[in-house]
Structures are given as C-alpha cells and as structure tokens.
Amino acid sequence: MLKIILIAVVVAIVGVLVFAATRPDSFVVTRTAVIDAPPETLEGMVSDFHQWAAWSPWEKLDPGMTRTYGGPASGVGATYAWVGNDKVGSGSMEIETVTPGREVVFGLHFLKPFKADNTGRFVFEPQGAGATKVTWSMSGKNPYIAKLMGLVFNMDQVIGKDFEKGLADMKVAAERRA
C-alpha cells in the first residue's frame with residue numbers, strides 16, 4: 001500500500017513538473033486607463049524617473065528605499081536604480097526609446113528578490129477633448145522556475161493590481177496638473 005502511495009505521489013510531482021514546462025516561454029502584463037491630460041504631460045511623467053514618486057505604486061512601499069538617478073534628467077539614457085526592503089527588492093531601469101507624446105520604452109532589470117530582465121512600455125493615445133488612453137505593459141521571458149511559480153500565483157493578477165494602482169495615482173497626479 002505504501003508503495004502505491006509513493007508511486008502516486010511521484011507521478012503527481014512529475015505531472016506538475018511536466019505541465020509547468022508546457023507553459024508559455026514569455027509573458028505580458030497590460031493595464032489601461034483614460035486620463036484627462038494631454039499625452040505630452042503623461043509622457044513627461046514617465047520619461048523622467050524623478051516624477052515616478054508621484055504615481056509609482058512601488059515608491060510608497062518603502063519610504064527608506066535608496067534611489068540613484070543617472071544619465072540625462074529625462075528621456076533616452078535616463079537611469080534609475082533602487083535598493084529597498086523585501087516588498088520592493090532591488091534593480092534598475094533605463095529609458096530606451098521615447099516617441100514624444102506617444103510612447104516610452106524602458107529596460108527593467110530586477111536583482112532581488114529574483115533576477116529578471118523585462119521591458120516596460122507606456123503607450124499614449126489621444127482620446128479627444130484633452131484625454132489620453134494610457135497603456136502600461138511589462139513583458140519578458142518566462143524561465144522554467146517562473147513557469148513553475150505561475151502554477152501557484154498569477155503574475156498578471158499580482159503585477160496587474162500594481163499597474164492599476166499606478167495608473168490611478170498617475171491619473172490623480174496628472175489631472176491635478178492639467
């Protein structure tokens with residue numbers, strides 16, 4: 001009887017490991033909001049890392065977080081690195097592409113709590129009467145360990161909630177300026 005139970009447990013574990021291997025090799029998390037501000041205002045809030053404190057959901061998780069800025073004040077080549085508590089970890093970002101009033105693309109490199117290299121993107125689409133549709137996305141590779149972890153937690157839901165909060169805070173900050 002013990003032998004049958006042991007075989008069943010081994011088969012179940014192997015099944016989970018094989019199933020995890022079939023998960024996608026990449027991921028994308030995307031959220032959208034309409035903000036009553038022109039695209040240029042929103043692009044400025046994103047392409048200048050100094051302005052992220054007004055809306056980024058992670059900035060508020062660790063008031064003692066160490067921040068380092070480099071390169072130009074904003075735009076292509078601007079960098080931002082952070083070292084914080086367990087909630088924010090550590091890593092860096094660098095603005096890679098700016099299409100004025102339309103898009104900002106940045107490299108996002110996590111060191112802790114896990115190492116990962118992703119791409120972040122903000123797309124700004126005018127919606128008439130001064131409003132802008134803002135789409136925030138993050139994409140990256142999904143290594144096997146992430147596929148396995150994805151069986152337990154849904155990255156889209158976890159990161160998506162942070163994006164939703166960030167966009168809501170961006171809306172408040174941008175509309176206050178407009």
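The protein exposes about 10,000 Å² of surface, with carbon and sulfur atoms supplying 63% of it (areas by the Shrake-Rupley method with a 1.4 Å probe). This is a predicted model, in which local features need pLDDT of at least 70 and side-chain atom pairs count only at pLDDT 80 or more, while totals for chains, interfaces and linings use all residues. Residues are numbered from 1 along each chain as its sequence is written, and side-chain values use heavy atoms, with hydrogens and water left out.

Four helices and seven strands make up the elements of the protein, in the order α-β-α-β-β-β-β-β-β-α-α from the N terminus; these are DSSP runs, helices being H or I of at least four residues and strands E of at least two. The C-alpha trace spans about 70 × 35 × 25 Å along its principal axes. Of the 178 residues, 35% are buried (under 20% relative accessible area, 1.4 Å probe, protein chains only).

Now to the largest pocket, with a volume of about 1,100 Å³. Its lining holds 47 residues, and F110, F114, M138, M155 and I159 are the closest to its centre. A pocket here is an open set of points on a 1 Å grid where a 1.4 Å probe fits, with protein on both sides within 12 Å along at least five of seven lines; lining residues have an atom within 4 Å of a point. The volume is the space filled by probe spheres set on the points. Helix α4 (155–177) is among the elements that each supply at least two lining residues, and α4 gives the largest share, six residues.

Technical notes. Buried means under 20% relative accessible area, exposed over 50%, partly exposed in between (1.4 Å probe, protein chains only).
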